[in-house]
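Work through the exercises below with the sequence and the 3D view at hand. Each task is followed by its solution.

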Amino acid sequence: MPEAVPDRPGTRGLPDLRALVAGATAVLAEAGVPSPRVDAIALAGHALGVPNLVLAMAPPLPPDFAARYAALVERRRLREPLQHLTGTAAFRHLDLTVRPGVFVPRPETETVAQVAIDAAQALVAGTDSSAGVPSAAVVVDLCTGGGPIALSVAHEVPGAQVTAVELSPEGVALTRANADRLGLAVRVLAGDVRDASLLAELDGAVDVLVSNPPYIPPDAVPIDPEVRDHDPDLALYGGGADGLEVPRAVVRVAVRLLRPGGTFVMEHAQVQAAAVRVDVDATGAFTDVHTVADLTDRDRMVVATRR
Ligand SMILES: C[S@@+](CC[C@H](N)C(=O)[O-])C[C@H]1O[C@@H](n2cnc3c(N)ncnc32)[C@H](O)[C@@H]1O
């Protein structure tokens, strides 16, 4: 645990923040936390009520700081996700509330959201080249979790009409709470992508369908304790031997809901790129089926256009 060190002149008996952060960094590194210093600073900022803490500009430390900080660092040492401890996750331009029981949004999904946002923005700006361009973009985010993609589209594409669908009641509640807090208009529905009548009122009327579904196969249990022990199984495992049962259901919904010329984008694991392209191609409903890489150059999503 981080240890208090002798006072610096002028700190009036309070522990030195830099030394506490250095101690916490060593503790977290020893526990195998991937970004120990970043996490140590984030937890100090959380304990101080300063979200983006710059150590040199830290406010005076309250008397109980060292004990509260030590408790947070201990939980992180035991590999509770940083976002569960701070209660927030940054996603694109939004700070989203995060709760245990709902998948923590990941940076790679920001690239998936980007494709959906670009397609929706092109429609709203009237720059889409397909026939019969609508003036507003109808966007559906399936398996929305706590809503990062849907909320980002609503935030970045003001003309978009966004519907988010999620199976878990915890995810539905969290997406609604995030939308309310951020003042973003997103229709949030409890629903199952395997339901053949899901969103039937939007058949053939959707411009952009985006999804980050569960896709991990049953025999690929994640190594990181933050994921394995804290993300819900419903959010991780996609079903079937290859983990692609739920993603295939998402593809079926996309075939039904997208209008001709509409854009489909779905995240998958790096090793699933070819298999997912085959699945999407096999529907016969899409053209320009291709794989797009994330910012680390890994093949992480399929993108296609509805015929
Ligand atoms: C990998 S998480 C992604 C959540 C969110 N899209 C994100 O990027 O942070 C997958 C989500 O799909 C939901 N889910 C799993 N099976 C589903 C189904 N059959 N229908 C709808 N949602 C489902 C899970 O509860 C989970 O929230």
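**Exercise 1.** How many of the eight residues of strand 9 (residues 299–306) are buried?

Solution. Residues are numbered from 1 along each chain as its sequence is written. This is a predicted model, in which local features need pLDDT of at least 70 and side-chain atom pairs count only at pLDDT 80 or more, while totals for chains, interfaces and linings use all residues. Strands are DSSP runs of E with at least two residues, helices are runs of H or I with at least four, and both are numbered from the N terminus. A residue is buried if 20 or more other C-beta atoms, placed from the backbone, lie within 10 Å of its own. Six residues of strand 9 are buried, and the strand is mostly covered.

**Exercise 2.** Find the strands that pair with strand 9, where pairing takes at least two DSSP bridges.

Solution. Start with strand 7 (residues 258–267), which pairs with strand 9 in the antiparallel sense over five bridges. Here V303 of strand 9 is the bridge partner of V265. Next take strand 8 (residues 286–293), antiparallel to strand 9 over six bridges. D299 of strand 9 is the bridge partner of A293. Five residues lie between the strands in the hairpin of strand 8 and strand 9, and D297 there has a positive phi near 70 degrees.

**Exercise 3.** Locate the domains and state their separation.

Solution. By an automatic or database domain assignment, the chain is divided into domain 1 (17–78) and domain 2 (101–306). Taken over C-alpha atoms, the centres of domain 1 and domain 2 are 35 Å apart.

Notes. Buried ≥ 20, exposed ≤ 12 C-beta atoms within 10 Å, placed from the backbone. Pairing = 2+ DSSP bridges.
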